Amino acid sequence: MREKLARLREEALARLGAVSGQAELEELRVKYLGKKGEITAILREMGRLPAEERPAMGQLANDVRAAIESGIAAAKTKVEAAALEARLKSEALDVTVPGREVTVGKRHPMYVALDEMKEIFIGMGFTVLDGPEVELAELNFDRLNAEEGHPSRDWSDTFYFDRDSRVMLRSQTSPMQVRAMDSMELPIRIIAPGRVYRKDEVDATHSPMFHQVEGMVIDKGVTMADLKGTLNTVVEKLYGAGTKTRFRPHHFPFTEPSCEVDVQCHKCGGAGCPTCKGEGWIELLGAGMIHPHVLEMAGIDPEVWSGWAFGFGLERTAMRRFMIDDLRLIFENDVRFLRQF
Ligand code: PHE
(Lines give C-alpha, C1' and ligand atoms only; values in the text may rest on other atoms or scores of the structure.)
Protein backbone atom coordinates (compact mmCIF):
# COMPACT_ATOMS: atom_id res chain seq x y z
CA MET A 1 0.00 0.00 0.00
CA ARG A 2 2.87 2.27 0.78
CA GLU A 3 4.14 1.65 -2.72
CA LYS A 4 0.74 2.23 -4.25
CA LEU A 5 0.51 5.58 -2.49
CA ALA A 6 4.03 6.55 -3.59
CA ARG A 7 3.24 5.67 -7.23
CA LEU A 8 -0.03 7.51 -7.07
CA ARG A 9 1.70 10.65 -5.77
CA GLU A 10 4.36 10.48 -8.46
CA GLU A 11 1.95 9.85 -11.30
CA ALA A 12 -0.49 12.55 -10.13
CA LEU A 13 2.16 15.22 -9.71
CA ALA A 14 3.69 14.40 -13.11
CA ARG A 15 0.33 14.69 -14.87
CA LEU A 16 -0.59 17.84 -13.00
CA GLY A 17 2.74 19.36 -13.98
CA ALA A 18 1.96 18.81 -17.66
CA VAL A 19 -1.70 19.81 -17.56
CA SER A 20 -2.77 21.90 -20.55
CA GLY A 21 -6.17 23.33 -19.75
CA GLN A 22 -8.98 23.85 -17.28
CA ALA A 23 -11.00 20.84 -18.49
CA GLU A 24 -8.11 18.44 -18.13
CA LEU A 25 -7.32 19.79 -14.68
CA GLU A 26 -10.90 19.17 -13.53
CA GLU A 27 -10.72 15.64 -14.93
CA LEU A 28 -7.57 14.93 -12.92
CA ARG A 29 -9.06 16.39 -9.75
CA VAL A 30 -12.00 14.00 -10.00
CA LYS A 31 -9.75 11.08 -10.89
CA TYR A 32 -7.50 11.50 -7.83
CA LEU A 33 -9.51 13.28 -5.14
CA GLY A 34 -13.11 12.66 -6.17
CA LYS A 35 -15.56 10.50 -4.14
CA LYS A 36 -14.89 7.62 -6.49
CA GLY A 37 -11.25 8.66 -6.95
CA GLU A 38 -8.05 6.76 -6.32
CA ILE A 39 -7.24 8.14 -2.85
CA THR A 40 -10.69 7.18 -1.63
CA ALA A 41 -10.22 3.70 -3.08
CA ILE A 42 -6.92 3.24 -1.19
CA LEU A 43 -8.36 4.58 2.07
CA ARG A 44 -11.12 2.06 1.76
CA GLU A 45 -8.55 -0.77 1.63
CA MET A 46 -7.09 0.40 4.96
CA GLY A 47 -9.69 -1.63 6.80
CA ARG A 48 -7.82 -4.74 5.80
CA LEU A 49 -4.57 -3.63 7.40
CA PRO A 50 -3.46 -4.71 10.87
CA ALA A 51 -4.54 -2.13 13.43
CA GLU A 52 -1.02 -1.01 14.35
CA GLU A 53 -0.20 -0.11 10.75
CA ARG A 54 -3.28 1.97 10.21
CA PRO A 55 -2.17 5.27 11.82
CA ALA A 56 1.07 5.47 9.87
CA MET A 57 -0.66 4.52 6.62
CA GLY A 58 -3.46 7.00 7.30
CA GLN A 59 -0.86 9.69 7.85
CA LEU A 60 0.85 8.76 4.59
CA ALA A 61 -2.41 8.78 2.67
CA ASN A 62 -3.18 12.26 4.07
CA ASP A 63 0.25 13.48 3.01
CA VAL A 64 -0.30 12.19 -0.50
CA ARG A 65 -3.71 13.86 -0.65
CA ALA A 66 -2.21 17.14 0.57
CA ALA A 67 0.56 16.89 -2.04
CA ILE A 68 -1.95 16.28 -4.81
CA GLU A 69 -4.10 19.15 -3.55
CA SER A 70 -1.25 21.61 -3.68
CA GLY A 71 -0.26 20.19 -7.08
CA ILE A 72 -3.79 20.97 -8.28
CA ALA A 73 -3.64 24.48 -6.83
CA ALA A 74 -0.33 25.15 -8.58
CA ALA A 75 -1.63 23.76 -11.88
CA LYS A 76 -4.75 25.88 -11.52
CA THR A 77 -2.71 29.06 -11.14
CA LYS A 78 -0.66 28.12 -14.18
CA VAL A 79 -3.67 27.28 -16.36
CA GLU A 80 -5.46 30.50 -15.40
CA ALA A 81 -2.42 32.60 -16.11
CA ALA A 82 -2.07 30.96 -19.52
CA ALA A 83 -5.74 31.58 -20.30
CA LEU A 84 -5.43 35.24 -19.32
CA GLU A 85 -2.30 35.58 -21.41
CA ALA A 86 -4.07 34.10 -24.44
CA ARG A 87 -7.04 36.41 -23.98
CA LEU A 88 -4.89 39.50 -23.67
CA LYS A 89 -3.06 38.47 -26.80
CA SER A 90 -6.23 37.95 -28.83
CA GLU A 91 -7.80 41.18 -27.62
CA ALA A 92 -4.72 43.28 -27.98
CA LEU A 93 -4.99 46.56 -29.89
CA ASP A 94 -2.17 47.21 -32.23
CA VAL A 95 -1.83 50.95 -31.90
CA THR A 96 0.67 51.08 -34.73
CA VAL A 97 -1.88 49.98 -37.38
CA PRO A 98 -2.94 53.02 -39.45
CA GLY A 99 -6.52 54.13 -38.59
CA ARG A 100 -9.48 54.03 -40.93
CA GLU A 101 -10.17 57.41 -42.46
CA VAL A 102 -13.37 59.06 -41.24
CA THR A 103 -15.04 61.07 -43.97
CA VAL A 104 -17.03 63.92 -42.53
CA GLY A 105 -20.22 64.84 -44.34
CA LYS A 106 -21.58 68.34 -44.82
CA ARG A 107 -24.95 69.95 -45.11
CA HIS A 108 -26.41 70.04 -48.60
CA PRO A 109 -26.35 73.59 -50.03
CA MET A 110 -30.13 73.61 -50.37
CA TYR A 111 -30.57 72.82 -46.68
CA VAL A 112 -27.99 75.46 -45.81
CA ALA A 113 -30.17 77.97 -47.66
CA LEU A 114 -33.28 76.59 -45.93
CA ASP A 115 -31.67 76.88 -42.50
CA GLU A 116 -30.71 80.46 -43.21
CA MET A 117 -34.24 81.20 -44.30
CA LYS A 118 -35.76 79.53 -41.25
CA GLU A 119 -33.50 81.51 -38.98
CA ILE A 120 -34.53 84.78 -40.60
CA PHE A 121 -38.24 84.00 -40.28
CA ILE A 122 -37.99 82.60 -36.76
CA GLY A 123 -36.24 85.86 -35.85
CA MET A 124 -39.32 87.68 -37.12
CA GLY A 125 -41.66 85.62 -34.96
CA PHE A 126 -42.72 82.96 -37.46
CA THR A 127 -43.40 79.34 -36.51
CA VAL A 128 -42.09 76.56 -38.78
CA LEU A 129 -44.70 73.97 -39.78
CA ASP A 130 -44.32 70.60 -41.46
CA GLY A 131 -47.08 68.97 -43.49
CA PRO A 132 -47.94 65.93 -45.61
CA GLU A 133 -46.67 65.48 -49.16
CA VAL A 134 -49.67 63.25 -49.89
CA GLU A 135 -52.47 65.76 -49.74
CA LEU A 136 -56.21 66.03 -50.32
CA ALA A 137 -57.18 67.84 -53.53
CA GLU A 138 -59.69 69.59 -51.31
CA LEU A 139 -56.87 71.36 -49.47
CA ASN A 140 -54.50 71.67 -52.41
CA PHE A 141 -57.21 73.13 -54.68
CA ASP A 142 -60.80 73.65 -53.42
CA ARG A 143 -59.97 75.45 -50.21
CA LEU A 144 -57.52 77.59 -52.20
CA ASN A 145 -60.17 78.81 -54.62
CA ALA A 146 -59.09 76.55 -57.47
CA GLU A 147 -62.40 74.89 -58.15
CA GLU A 148 -63.24 71.89 -60.32
CA GLY A 149 -62.10 72.61 -63.87
CA HIS A 150 -59.22 74.86 -62.91
CA PRO A 151 -56.32 74.12 -65.32
CA SER A 152 -53.83 73.32 -62.53
CA ARG A 153 -56.06 70.38 -61.49
CA ASP A 154 -55.51 68.69 -64.81
CA TRP A 155 -54.20 65.10 -64.86
CA SER A 156 -51.44 66.22 -67.17
CA ASP A 157 -50.04 68.47 -64.42
CA THR A 158 -50.78 66.64 -61.20
CA PHE A 159 -49.91 63.23 -59.70
CA TYR A 160 -53.19 61.73 -58.42
CA PHE A 161 -53.53 58.50 -56.47
CA ASP A 162 -57.15 57.74 -57.33
CA ARG A 163 -59.54 57.96 -60.27
CA ASP A 164 -61.69 60.55 -58.50
CA SER A 165 -58.74 62.94 -58.23
CA ARG A 166 -59.21 63.36 -54.49
CA VAL A 167 -55.80 62.29 -53.19
CA MET A 168 -52.62 63.63 -54.75
CA LEU A 169 -48.99 64.52 -54.28
CA ARG A 170 -49.27 68.17 -53.32
CA SER A 171 -48.38 70.46 -56.22
CA GLN A 172 -47.58 73.37 -53.90
CA THR A 173 -47.05 73.99 -50.19
CA SER A 174 -50.06 76.34 -50.17
CA PRO A 175 -52.41 73.72 -48.62
CA MET A 176 -50.35 74.41 -45.48
CA GLN A 177 -52.07 77.81 -45.40
CA VAL A 178 -55.37 75.98 -45.02
CA ARG A 179 -53.99 73.52 -42.46
CA ALA A 180 -52.65 76.44 -40.41
CA MET A 181 -55.94 78.36 -40.62
CA ASP A 182 -57.85 75.24 -39.57
CA SER A 183 -55.63 74.35 -36.64
CA MET A 184 -54.10 77.53 -35.22
CA GLU A 185 -55.33 80.46 -33.21
CA LEU A 186 -55.24 83.89 -34.83
CA PRO A 187 -53.04 85.82 -35.40
CA ILE A 188 -50.90 83.43 -37.44
CA ARG A 189 -47.33 83.73 -38.68
CA ILE A 190 -45.97 80.57 -40.23
CA ILE A 191 -43.57 79.22 -42.77
CA ALA A 192 -43.89 75.66 -44.09
CA PRO A 193 -41.02 74.21 -46.13
CA GLY A 194 -41.38 70.94 -48.02
CA ARG A 195 -41.42 68.91 -51.20
CA VAL A 196 -43.94 69.44 -53.98
CA TYR A 197 -44.61 67.47 -57.16
CA ARG A 198 -45.60 68.39 -60.70
CA LYS A 199 -45.49 66.55 -64.00
CA ASP A 200 -42.55 68.50 -65.39
CA GLU A 201 -39.72 67.23 -67.55
CA VAL A 202 -36.27 67.51 -66.02
CA ASP A 203 -34.14 70.36 -67.34
CA ALA A 204 -31.85 73.09 -65.96
CA THR A 205 -34.75 74.82 -64.22
CA HIS A 206 -37.40 72.07 -63.80
CA SER A 207 -37.82 68.86 -61.83
CA PRO A 208 -40.96 66.78 -61.13
CA MET A 209 -40.06 67.10 -57.44
CA PHE A 210 -38.86 70.33 -55.94
CA HIS A 211 -39.12 72.30 -52.71
CA GLN A 212 -41.13 75.31 -51.69
CA VAL A 213 -41.22 77.40 -48.57
CA GLU A 214 -44.74 78.61 -47.90
CA GLY A 215 -45.26 81.62 -45.72
CA MET A 216 -48.40 83.21 -44.31
CA VAL A 217 -49.38 86.00 -41.97
CA ILE A 218 -52.93 86.68 -40.79
CA ASP A 219 -53.57 89.51 -38.38
CA LYS A 220 -55.59 92.67 -38.05
CA GLY A 221 -54.60 95.49 -40.41
CA VAL A 222 -52.06 93.48 -42.43
CA THR A 223 -51.31 95.03 -45.83
CA MET A 224 -49.31 94.51 -49.00
CA ALA A 225 -46.74 96.95 -47.60
CA ASP A 226 -45.97 94.46 -44.81
CA LEU A 227 -45.52 91.75 -47.43
CA LYS A 228 -43.09 93.87 -49.45
CA GLY A 229 -41.16 94.96 -46.39
CA THR A 230 -40.87 91.41 -45.07
CA LEU A 231 -39.78 89.92 -48.39
CA ASN A 232 -37.25 92.69 -49.06
CA THR A 233 -35.75 92.13 -45.61
CA VAL A 234 -35.48 88.39 -46.23
CA VAL A 235 -33.92 88.83 -49.67
CA GLU A 236 -31.34 91.30 -48.36
CA LYS A 237 -30.48 89.02 -45.45
CA LEU A 238 -30.08 86.06 -47.79
CA TYR A 239 -28.26 87.75 -50.65
CA GLY A 240 -26.66 90.79 -49.12
CA ALA A 241 -27.67 94.38 -48.41
CA GLY A 242 -28.78 96.31 -51.45
CA THR A 243 -30.01 93.27 -53.42
CA LYS A 244 -32.90 94.54 -55.50
CA THR A 245 -36.31 92.88 -55.85
CA ARG A 246 -39.04 93.43 -58.41
CA PHE A 247 -42.73 92.85 -57.72
CA ARG A 248 -44.72 92.01 -60.87
CA PRO A 249 -48.51 91.66 -61.00
CA HIS A 250 -49.58 88.06 -61.43
CA HIS A 251 -52.54 85.77 -60.80
CA PHE A 252 -53.09 83.06 -58.21
CA PRO A 253 -56.59 81.83 -57.39
CA PHE A 254 -56.03 82.15 -53.63
CA THR A 255 -54.48 85.63 -53.47
CA GLU A 256 -55.85 89.00 -54.59
CA PRO A 257 -53.96 91.01 -55.58
CA SER A 258 -51.18 88.59 -56.53
CA CYS A 259 -47.61 89.16 -57.60
CA GLU A 260 -44.44 87.42 -58.55
CA VAL A 261 -41.20 88.56 -56.98
CA ASP A 262 -37.90 88.56 -58.85
CA VAL A 263 -34.36 89.22 -57.62
CA GLN A 264 -31.57 90.71 -59.63
CA CYS A 265 -29.65 88.06 -61.58
CA HIS A 266 -26.60 86.92 -59.63
CA LYS A 267 -24.60 86.22 -62.78
CA CYS A 268 -24.93 89.51 -64.62
CA GLY A 269 -26.19 91.84 -61.91
CA GLY A 270 -29.18 92.81 -64.02
CA ALA A 271 -27.61 93.40 -67.43
CA GLY A 272 -29.07 90.24 -68.96
CA CYS A 273 -27.27 86.92 -69.53
CA PRO A 274 -28.06 83.25 -70.36
CA THR A 275 -28.74 82.40 -66.67
CA CYS A 276 -31.58 84.93 -66.48
CA LYS A 277 -32.46 84.38 -70.14
CA GLY A 278 -31.51 87.97 -70.90
CA GLU A 279 -33.98 89.39 -68.41
CA GLY A 280 -31.61 90.59 -65.70
CA TRP A 281 -34.04 89.17 -63.10
CA ILE A 282 -34.71 85.73 -61.69
CA GLU A 283 -38.15 84.75 -60.47
CA LEU A 284 -38.01 83.65 -56.83
CA LEU A 285 -41.52 83.42 -55.49
CA GLY A 286 -45.22 83.99 -55.85
CA ALA A 287 -47.14 86.02 -53.29
CA GLY A 288 -50.21 88.10 -52.62
CA MET A 289 -52.93 89.16 -50.22
CA ILE A 290 -55.00 86.17 -49.10
CA HIS A 291 -58.28 86.10 -51.04
CA PRO A 292 -61.25 86.99 -48.78
CA HIS A 293 -63.08 83.86 -49.93
CA VAL A 294 -60.16 81.68 -48.78
CA LEU A 295 -60.40 83.29 -45.34
CA GLU A 296 -64.18 82.79 -45.33
CA MET A 297 -63.85 79.10 -46.22
CA ALA A 298 -61.64 78.74 -43.12
CA GLY A 299 -64.23 80.52 -40.98
CA ILE A 300 -62.15 83.69 -40.68
CA ASP A 301 -64.00 87.02 -41.08
CA PRO A 302 -62.23 88.99 -43.86
CA GLU A 303 -63.80 92.20 -42.51
CA VAL A 304 -61.78 91.78 -39.31
CA TRP A 305 -58.68 89.89 -40.42
CA SER A 306 -56.43 90.22 -43.41
CA GLY A 307 -53.27 88.44 -44.45
CA TRP A 308 -50.72 87.66 -47.05
CA ALA A 309 -48.92 84.58 -48.23
CA PHE A 310 -45.96 83.69 -50.35
CA GLY A 311 -44.32 80.59 -51.81
CA PHE A 312 -40.55 80.55 -52.36
CA GLY A 313 -38.94 78.09 -54.72
CA LEU A 314 -36.24 76.70 -52.44
CA GLU A 315 -33.97 75.36 -55.19
CA ARG A 316 -34.00 78.71 -56.92
CA THR A 317 -33.22 80.46 -53.67
CA ALA A 318 -30.26 78.14 -53.06
CA MET A 319 -29.10 78.48 -56.67
CA ARG A 320 -29.16 82.25 -56.36
CA ARG A 321 -27.46 82.05 -52.95
CA PHE A 322 -24.62 79.76 -54.06
CA MET A 323 -24.34 80.78 -57.74
CA ILE A 324 -25.43 77.37 -59.02
CA ASP A 325 -26.65 77.52 -62.60
CA ASP A 326 -28.24 74.09 -63.14
CA LEU A 327 -31.05 72.74 -60.95
CA ARG A 328 -30.05 69.13 -61.71
CA LEU A 329 -26.82 69.55 -59.75
CA ILE A 330 -28.88 69.98 -56.58
CA PHE A 331 -30.43 66.52 -56.86
CA GLU A 332 -27.60 64.51 -58.41
CA ASN A 333 -25.59 64.55 -55.18
CA ASP A 334 -22.28 64.24 -56.98
CA VAL A 335 -19.70 64.68 -54.22
CA ARG A 336 -17.48 66.72 -56.53
CA PHE A 337 -20.32 69.24 -56.64
CA LEU A 338 -21.27 69.01 -52.96
CA ARG A 339 -17.67 69.43 -51.78
CA GLN A 340 -17.63 72.96 -53.13
CA PHE A 341 -19.91 74.33 -50.42
N1 PHE B 1 -48.38 78.22 -54.51
C2 PHE B 1 -47.92 79.14 -55.49
C3 PHE B 1 -47.15 78.38 -56.56
O4 PHE B 1 -46.83 77.25 -56.35
C5 PHE B 1 -47.06 80.21 -54.90
C6 PHE B 1 -47.82 81.13 -53.98
C7 PHE B 1 -47.86 80.86 -52.61
C8 PHE B 1 -48.48 82.24 -54.47
C9 PHE B 1 -48.55 81.72 -51.78
C10 PHE B 1 -49.15 83.10 -53.65
C11 PHE B 1 -49.17 82.84 -52.30
O12 PHE B 1 -46.83 78.90 -57.61
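**A close look**

Analyst: Glutamine 340 sits in the segment after helix H12 (335-338); helices here are DSSP runs of H or I with at least four residues, strands are E runs of at least two, and both are numbered from the N terminus. Bear in mind that this is a predicted model, where local features need pLDDT of at least 70, side-chain atom pairs count only at pLDDT 80 or more, and totals for chains, interfaces and linings use all residues. Residues are numbered from 1 along each chain as its sequence is written, and side-chain values use heavy atoms, with hydrogens and water left out.

Glutamine 340 has a relative accessible area of 58%, so it counts as exposed (buried is under 20%, exposed over 50%, partly exposed in between, with a 1.4 Å probe and protein chains only). Its C-alpha lies 9.3 Å from that of proline 109, although 231 residues separate glutamine 340 and proline 109 in sequence.

Now the cysteines. Searching the whole structure turns up 0 disulfides, a disulfide being a pair of cysteine sulfur atoms within 2.5 Å. For cysteine 265, the nearest cysteine sulfur belongs to cysteine 268, 3.6 Å away. Cysteine 265 is buried because its relative accessibility is 2%, while cysteine 268 is partly exposed at 23%.

As for aspartate 154, you'll find it in the loop between helix H6 (137-140) and strand S3 (167-169). Its relative accessible area is 40%, so aspartate 154 is partly exposed.
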